[in-house]
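Please find below a short note with numbered points. It is meant to be read alongside the model.

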Amino acid sequence: EELHCGFYRFRAYLKEETGGHGDDFSLIVRLRDREYSKGAFNAAFAEAADGDALIAHYGYGISYFCTNDRAAKAGGQSVFSQSNRSLLRERWGIRMVCPAELANIIEGAVYGR
């Protein structure tokens, strides 16, 4: 809850876009069926999944989050934006790395580099 991302935010988006009446599934179906909102729906759903993956890493005490996602489409509002990456590291100790960086970290731990 402290991170306020993932499906926590998606639920708020659903309620705002649909008027907020019904359970999560009915709200998702209602929003998905609106032709004008398909792009917005897909983007919000993808961002929610990113946020929940990040929350799981934090919840399990995993220090590194490996992704190539650079928030190219979502921009500054994305959980993976450069400004949010800095805040996540500062406040929560979560370090975002790309696969090559993670491979170097693992090799360093295994081979003492």
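1. Phe-45 counts as partly exposed because its relative accessibility is 35%, whereas Phe-10, at 3%, counts as buried. Buried means under 20% relative accessible area, exposed over 50%, and partly exposed in between (1.4 Å probe, protein chains only).

2. This is a predicted model, in which local features need pLDDT of at least 70 and side-chain atom pairs count only at pLDDT 80 or more, while totals for chains, interfaces and linings use all residues. Residues are numbered from 1 along each chain as its sequence is written, and side-chain values use heavy atoms, with hydrogens and water left out.

3. The structure holds four aromatic pairs. Rings of Phe, Tyr and Trp (its six-membered ring) pair if their centres lie within 6.5 Å; planes under 30 degrees apart count as stacked, over 60 as edge-to-face and the rest as tilted. Phe-10 and Phe-45 have ring centres 5.3 Å apart and planes at 80°, so this pair is edge-to-face. Phe-10 belongs to helix 1 and Phe-45 to helix 3, 35 residues apart. Helices (H or I, at least four residues) are DSSP runs, numbered from the N terminus.

4. Tyr-58 and Trp-92 also form an edge-to-face pair, because their centres are 5.1 Å apart and their planes at 75°. Tyr-58 lies in helix 3 and Trp-92 in helix 4 (residues 82-92), so the pair ties together parts 34 residues apart in sequence. Trp-92 is partly exposed at 24% relative accessibility, and Tyr-58 is partly exposed at 35%.

Technical notes: Helices (H or I, at least four residues) and strands (E, at least two) are DSSP runs, numbered from the N terminus.
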